[in-house]
Amino acid sequence: MPHLHDRAAAQESVFARMSRLAAQRGAVNLGQGFPSAPPPAFLLDAARGALGRADQYAPPAGLPALRDALGADLGVDGADVTVTCGATEALHLLALALLGPGDEALMLEPVFDVYLPQVALAGARGVTVPMTLDPARGWQFDLGALAAAVTPRTRALLLNSPFNPTGTVFTDEELAGIVALARRHDLWIVSDEVYDELYFGARPTALRTLAPERTFTVGSAGKRLEATGWRVGWIAAPPGLTPGVLGLRQITSFCAPAPLQAAVAAALPVARAAGFYEELRQGYAGRMQRLAAGLRELGAAVFEPRGTYFLTALHPSWTAETLVQEAGVAVIPGEAFYAQQAAPAGLTRWAFCKSDAEIDLALTRLRAARLLTGA
C-alpha cells in the first residue's frame, strides 16, 4: 500500500483535544476560545435575509459588498481586501504568497499553534523569539532580541496584536521599532489582528497605518461578532498586491460561504454605529475581572490581558490535564504555545468569553478540588 506523506502525521490539536475532553467529562470549557453567547441579533437577522438570495459561489476575492464594508471599516480600499474562510486560511495564503524554500519568518513565542506549521508548509522555516514573563510586570517584549534574530534569509515578521495567548498589545513605541526593523531589512509584516476590537484601554494601533507598503492585516468576523463557526476572515493587503494573493486563494477554498459573507457585510456598519464593540468590551472586562479575582483567591499568579478574551495564569499545582480530570475545568496548557523554547512551569491559558454562570461554576469546582488548591 502507498503511504501518506509525513505531513499527514499531524496530531489532533490541543485545542480540539481539550474541548473533546471537556465534552466527555462534563467539564466547564474555559479552554478553546469560542463564546458562550449567540451572535448578535442584527447579524442573525442579516444571515436569514441572505439565505435564498446569496447562495451560489462568491468571487474568490469575496462579495463586493463585504469588501467595500471592510474597506470602510478598516480605512483601506475595498479592492485591497480578500475575504477568506476564517483567519486561519488568510494566514495560510500569506505564508504561501510571501515565503518559499530557504526563507525564514520571525514570530514571538509563546506562539499560536498554526503559525509554525503554516510556514513549514510553504517550505520555509519559522524562527521564534521568546517573550519573557516577569512576575511583577507580566509579559515583556524585547525588540532587541527580535532584531538580533534577523538573518539574510528572513523574509517576514508574523505578529499578533492583541496577542494570543499573552494578551499583549504593542505600544506605539514598540510598533515604531518593529516598522523601522522591517524597513531596514526590507521585510514583509503579517499582522494578525483578529482581536482588533477586543481590547481594554486605548485602541491598539494597526500596523498597516504605520507601514502600509509592507503590511498584510489579517482579521476575523468570528472574533468581532461572536460567530467563530462562520469562518469569515480577511486580508487587507498593501496597495496593488491583492492579485498575487487571489491567484492562490482561488485554488484553496475558492470562496467563503456566500450567505455568511452577505450577512457580515450588512452587520459591520450596524455593529460600529450601534456601539456593539463597546458593549462587548465592557462585558468581557467584567468577566475577565471575575475570573482573575477567583484565580488569585486560589493562589494563582494572574496576568491580566490588554486585549483578546484570554488571560494567563501560573499555579505550581495546576496542569491542564489535572484540572480537567480532577476539577472538571478545561483550560489550555502553556506548552501548547511553545515549540522552540520551554514553557514557564505551571502556565495555563483561560478563556473568559463565557457566561458569568460558567465562570462561577469553574471557580466553584476549583475551590472544591482541595488537591489543586493546596488546601
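Two strands count as paired if DSSP finds at least two bridges between them. The exercises below apply this to a predicted model.

**Exercise 1.** Give the strand order of the open sheet and state which strands stand at its edges.

Solution. 
1. The open sheet has 7 strands, ordered 2-10-9-8-7-3-4, with mixed pairing.
2. Strand 2 (81–84) and strand 4 (125–130) each have a single partner strand, so one side of each has no neighbour in the sheet; these two are the edges.
3. On average, neighbouring strands of the sheet are turned by 20° against each other, direction ignored.

**Exercise 2.** In which sense do strand 8 and strand 9 pair, and what is the bridge partner of D192?

Solution. 
1. Strand 8 covers residues 188–192 and strand 9 covers residues 215–220.
2. Their pairing is parallel, over 4 bridges.
3. D192 has V218, in strand 9, as its bridge partner.

**Exercise 3.** Decide whether R224 is buried or exposed, and list polar contacts of its side chain.

Solution. 
1. R224 is found in helix 8 (residues 221–224).
2. Buried means under 20% relative accessible area; R224 has 2% relative accessibility, so R224 is buried.
3. The R224 side chain makes a polar contact of 2.8 Å with that of D73 and one of 3.3 Å with that of Y277.
4. Leaving aside residues up to four places away in sequence, R224 also touches other residues, including W234, L268 and F276.

Notes
Residues are numbered from 1 along each chain as its sequence is written. This is a predicted model: local features need pLDDT of at least 70, side-chain atom pairs count only at pLDDT 80 or more; totals for chains, interfaces and linings use all residues. Side-chain values use heavy atoms; hydrogens and water are left out. Axes are lines fitted to C-alpha atoms, for helices over the stretch in contact, and angles run from 0 to 180 degrees between N-to-C directions. Buried means under 20% relative accessible area, exposed over 50%, partly exposed in between (1.4 Å probe, protein chains only). A polar contact is a pair of N or O atoms within 3.5 Å; within protein, one must be able to donate a hydrogen and the other to accept it, and residues adjacent in sequence count only if both atoms are side-chain atoms. Contact means heavy atoms within 4.5 Å.
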